[in-house]
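Subject: The structure I promised you

Hello,

Here is the model we talked about, for you to open in your viewer.

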Amino acid sequence: MWIPKATMFTDMISACYFAIVVFKFLILMVEEVGGDEAFLKRAGKYKLRISTGPCCCCCPCLPHVAITRRSLFLLKLGSFQFAILKIVFTVLSIVLWTNGTFNLTDLTIYGAAIWINPFVGILTIIALWPVAIMFMHLRTTLRSLKIIPKYAMYQLVLVLTQLQTAIINILALNGTIACAPPFSAITRGYMMSQQLLILEMFIITLVTRLLYRRQYDPLPSDEEDVNENTKMMDPQSSSES
């Protein structure tokens with residue numbers, strides 16, 4: 001907010017941090033069950049419903065996938081690739097920017113931004129898909145650990161840092177946000193985005209602190225898990241009902 005020209009770098013760094021958060025949230029859900037081995041033992045008799053957002057929410061005909069070590073690895077890989085490739089493309093964008101090739105306002109076919117940003121968007125969707133699959137499968141099991149509000153906060157951070165910022169930047173590029181000397185329209189858009197994020201993230205920080213900085217009762221073992229509210233989601237039984 002004090003140095004508007006550095007907004008591109010701060011946005012890229014925060015996006016890299018969020019890319020790591022996407023992967024860590026997936027690991028969090030697995031670890032809350034007890035780790036990979038405990039998850040496979042506990043969920044081996046169930047199947048994953050992959051027809052969920054943001055990729056395949058409109059494809060309910062997709063088959064359910066068996067929970068195996070390989071499928072768990074693919075879910076982790078789907079989110080881990082974003083944590084790695086986002087950092088790689090961020091470094092590439094900064095290198096191209098120093099050469100005058102990367103410019104967020106250059107939306108022509110010859111600009112680097114028009115190629116890098118959509119590709120990063122595709123990687124983002126691919127990374128969010130495994131997290132959504134795992135959440136849909138474990139949301140009942142981890143209900144006592146407040147996994148639903150935790151996931152809601154995670155989704156809210158995604159919307160505010162990615163979608164809200166993108167909308168404000170587009171409005172600034174189109175001239176909808178008027179310039180106010182000495183600031184241009186784009187600079188004012190950056191400032192408005194940062195001012196909103198400071199307030200929004202402060203509120204989210206307070207809420208997430210209440211969710212994470214507390215003690216929860218351990219999950220019951222699979223043999224003791226007789227309560228319907230703590231049973232793992234079974235897509236086949238839910239679809240039949």
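A cut-off first, as it will matter below: a residue is called buried when its relative accessible area is under 20%, exposed when it is over 50%, and partly exposed in between. Lys 76 has a relative accessibility of 19%, so Lys 76 counts as buried. Please keep in mind that this is a predicted model.

The overall picture

The chain has 241 residues, and 40% of them are buried. Its secondary structure consists of seven helices and two strands. Read from the N terminus, the order of elements is α-α-β-β-α-α-α-α-α. Among contacts between residues at least 6 apart in sequence, 75% join residues at least 24 apart.

The salt bridges

How many salt bridges are there? The count comes to two. In one of them, Asp 36 pairs with Lys 76, with 2.6 Å between the closest N and O atoms. This pair links distant parts of the chain, as Asp 36 sits in helix 2 (residues 36–43) and Lys 76 in helix 3, 40 residues apart. While Lys 76 is buried at 19%, Asp 36 is partly exposed, with a relative accessible area of 29%.

The other joins the side chains of Arg 69 and Glu 37, at 2.8 Å from N to O.

In general, nonpolar side chains of soluble globular proteins tend to be buried together. The largest nonpolar core in this model holds 50 residues, and those touching the most other members are Met 29, Phe 39, Phe 102, Val 131, Met 134, Leu 142 and Tyr 154. Two or more residues come from each of helix 1 (7–33), helix 2, helix 3, helix 4 (113–138), helix 5 and helix 6. Which of the helices gives the most to this core? That is helix 4, with 12 residues.

Leaving out residues up to four places away in sequence, Phe 39 touches Val 30, Val 33, Gly 44, Ile 67, Leu 72, Met 134, His 137 and Leu 138.

Helix 5 and helix 6

Helix 5 (residues 147–173) packs against helix 6 (residues 185–212) at an angle of about 175°, and their axes are 9 Å apart. Angles over 145 degrees count as roughly antiparallel, so helix 5 and helix 6 are roughly antiparallel to each other. The residues of this contact comprise 18 nonpolar, seven polar and two charged.

Two more residues to look at

Gln 81 lies in helix 3 (residues 69–98) and is buried, at a relative accessible area of 17%. Beyond its neighbours within four places in sequence, Gln 81 is in contact with Lys 86, Leu 123, Ile 126 and Ala 127.

Glu 32, in helix 1, is partly exposed, with a relative accessible area of 29%. Not counting residues up to four places away in sequence, Glu 32 touches Leu 142, Leu 145, Lys 150 and Leu 219. Glu 32 and Leu 145 are 113 residues apart in sequence, and their C-alpha atoms are 8.4 Å apart in space.

Happy browsing, and best wishes

Note on methods:
Residues numbered from 1 in each chain as written. Predicted model: local features only at pLDDT ≥ 70, side-chain atom pairs only at ≥ 80, totals over all residues. Heavy atoms only, no water. Helix = DSSP H or I, 4+ residues; strand = E, 2+ residues; numbered from the N terminus. Buried < 20%, exposed > 50% of the residue type's maximum accessible area, 1.4 Å probe, protein only. Contact = heavy atoms within 4.5 Å. Salt bridge = Lys/Arg side-chain N within 4 Å of Asp/Glu carboxyl O. Axes fitted to C-alpha atoms, helices over the stretch in contact; angles between N-to-C directions. Parallel < 35°, antiparallel > 145°, perpendicular 65-115°, else oblique. Nonpolar A, V, L, I, M, F, W, Y, C, P; charged D, E, K, R; others polar. Core = buried A, V, L, I, M, F, W, Y, C linked by side-chain atoms within 4.5 Å.
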